[in-house]
Amino acid sequence: MNENQTRGCRNNNPLNIKFGKSRWVGKITENKKDDTFEEFDTVVNGLRAAIKLIQNYIKSSFNTVDKIVRRWYPDETQDAYVKFVESTMEKNLEDYDKKKPMHWHDFDDIFVLVSAMAWQESRMKIDRALFMKAWEAVDTHNQSNRKKAGK
């Protein structure tokens, strides 16, 4: 482990998800070193958890960058965080409108959003291929849970 890495990089948790009771895929529970933030076995599983949380925010009407970031990061510096993410969205999505609600299933919007948040949170650059693995892991895990439940 490189101590010069950001906390999010060391924890495979690019968006610095706070430690909690959620039973995330790949969550490290034994020999945990960080008492504040979740630790994951891989970056893909850390991104998967972030995608799930963002999708749940959107489904719960926290569906604009402003609402998502303010819920994610309730800190006095959140205005700068919101501006950074909105600016990144504007640069990377030709039809981005900060007032228009995002959709939980929109890959491109969530890719740019999570990538900007990962950079802001842990200075981690997320490429499209890595994000795609995490995105597919969200759906794959959901499908296997539906099969187990007989749905």
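Modeller: Let us start with a single residue. This is a predicted model.

Biologist: Which residue forms a salt bridge with D108?

Modeller: The general idea comes first. Side chains of opposite charge can pair when their charged atoms come close. In this structure, the partner of D108 is R128, and their closest N and O atoms are 2.5 Å apart. The pair links distant parts of the chain, since R128 belongs to helix 6 (residues 128-148) and D108 to helix 5 (residues 107-122), 20 residues apart. R128 has a relative accessibility of 41% and therefore counts as partly exposed.

Biologist: How many salt bridges does the count come to?

Modeller: The count comes to six salt bridges. Another of these joins E38 to K27, with the closest N and O atoms 3.2 Å apart. Both residues of this pair lie in the loop between helix 1 (7-10) and helix 2, 11 residues apart.

Biologist: Are E38 and K27 buried or exposed?

Modeller: E38 is buried, and K27 is buried as well.

Biologist: How far apart in helix 3 are D66 and R70?

Modeller: D66 and R70 are four residues apart in helix 3, so about one helical turn separates them. They form a salt bridge in which the closest N and O atoms are 2.8 Å apart. D66 is partly exposed, with a relative accessible area of 28%, and R70 is partly exposed at 29% relative accessibility.

Biologist: Which residues in helix 2 and helix 3 meet?

Modeller: From helix 2, L53, I54, Y57 and I58 meet I68, R71 and W72 of helix 3. The residues of this contact comprise six nonpolar, no polar and one charged.

Biologist: Where is the place of P74?

Modeller: P74 is in the loop between helix 3 and helix 4 (78-92). Its relative accessibility is 70%, so P74 counts as exposed. The C-alpha atoms of P74 and W119 are separated by 17 Å, the two residues being 45 residues apart along the chain.

Note on methods: Residues numbered from 1 in each chain as written. Predicted model: local features only at pLDDT ≥ 70, side-chain atom pairs only at ≥ 80, totals over all residues. Heavy atoms only, no water. Contact = heavy atoms within 4.5 Å. Helix = DSSP H or I, 4+ residues; strand = E, 2+ residues; numbered from the N terminus. Nonpolar A, V, L, I, M, F, W, Y, C, P; charged D, E, K, R; others polar. Buried < 20%, exposed > 50% of the residue type's maximum accessible area, 1.4 Å probe, protein only. Salt bridge = Lys/Arg side-chain N within 4 Å of Asp/Glu carboxyl O.
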